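Reader: Please walk me through this model. I want to learn how to read its features.

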Amino acid sequence: MATGSRDGLARFLPLHTQATIRHAASFERTVDALEQARAKKLEVDRRRQQIREAIRNLQKTSQECGTVEETAWIAFEGQFFRMKRDDAILSLKKQQNKFDCEYKTTVQEVKDLECSVQRLQGQYIASFSLSEYLKLQLFTNM
């Protein structure tokens with residue numbers, strides 16, 4: 001119901017003002033999506049680095065011990081498993097590959113959204129006319 005009342009009031013505004021409001025709303029949605037994508041990128045990178053460090057530690061420990069059959073405790077999605085070191089390393093490398101792909105996709109998404117924000121920002125600056133704004137202010141103040 002509130003949306004309908006906003007739309008009802010917006011139709012009484014001048015067309016260029018309506019277009020500016022629609023553009024600003026689009027710009028705000030794109031910036032919000034960009035911030036969410038950046039947060040996702042940081043989270044995926046953090047997980048990727050954790051897995052890389054876990055693989056490094058497992059390999060280092062197995063080289064120090066010199067035994068291939070030694071087991072290790074691994075946490076997967078909130079559960080702990082006891083696995084052979086080689087199996088644990090293999091499983092972590094699969095997860096690493098998955099996160100690498102997800103990271104590349106997220107980085108591309110961030111780049112695309114940054115381009116969209118720059119494009120929308122340029123359109124807003126180009127569409128903003130100070131003389132029209134001053135005329136509107138003079139007209140409404142009379």
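Author: Start with pLDDT, the predictor's confidence in each residue, from 0 to 100. The protein chain averages a pLDDT of 79, and 71% of the residues score at least 70. This is a predicted model: local features need pLDDT of at least 70, side-chain atom pairs count only at pLDDT 80 or more, and totals for chains, interfaces and linings use all residues. Residues are numbered from 1 along each chain as its sequence is written, and side-chain values use heavy atoms, leaving out hydrogens and water.

Reader: Where is confidence lowest, and where is it highest?

Author: Where pLDDT is low, the predicted coordinates should not be read in detail. Here the lowest confidence is in helix α4 (residues 130–141), with a mean of 52. The highest is in β2, at 88. Residues 1–5 stay under 50.

Reader: What pattern does the protein chain follow along the sequence?

Author: Helices (H or I, at least four residues) and strands (E, at least two) are DSSP runs, numbered from the N terminus. The protein chain has four helices and two strands. Their pattern is α-α-β-β-α-α.

Reader: How many bridges join β1 to β2?

Author: Strands pair if DSSP finds at least two bridges between them. Six bridges join β1 to β2 (residues 79–84), and the strands run antiparallel. A75 has F80 as its bridge partner in β2. The two strands form a hairpin with two residues between them. In the turn, E77 has a positive phi of about 50 degrees.

Reader: Which side chains of β1 are buried?

Author: In a regular strand the side chains alternate between the two faces of the sheet. Buried means under 20% relative accessible area, exposed over 50%, partly exposed in between (1.4 Å probe, protein chains only). In β1 (residues 71–76), A72, I74 and F76 point to one face and are buried.

Reader: Which residues have the most contacts inside the largest nonpolar core?

Author: In soluble globular proteins, nonpolar side chains tend to be buried together. A nonpolar core is a set of buried Ala, Val, Leu, Ile, Met, Phe, Trp, Tyr and Cys residues joined through side-chain atoms within 4.5 Å. The largest has 13 residues; I51, I55, L58, I74 and L92 have the most contacts inside it. α2 (15–65), β1 and α3 (85–127) each supply at least two residues of this core. The largest share, six residues, comes from α3. A second, separate core of five residues includes L34, A37, V110 and L113.

Methods
Contact means heavy atoms within 4.5 Å.
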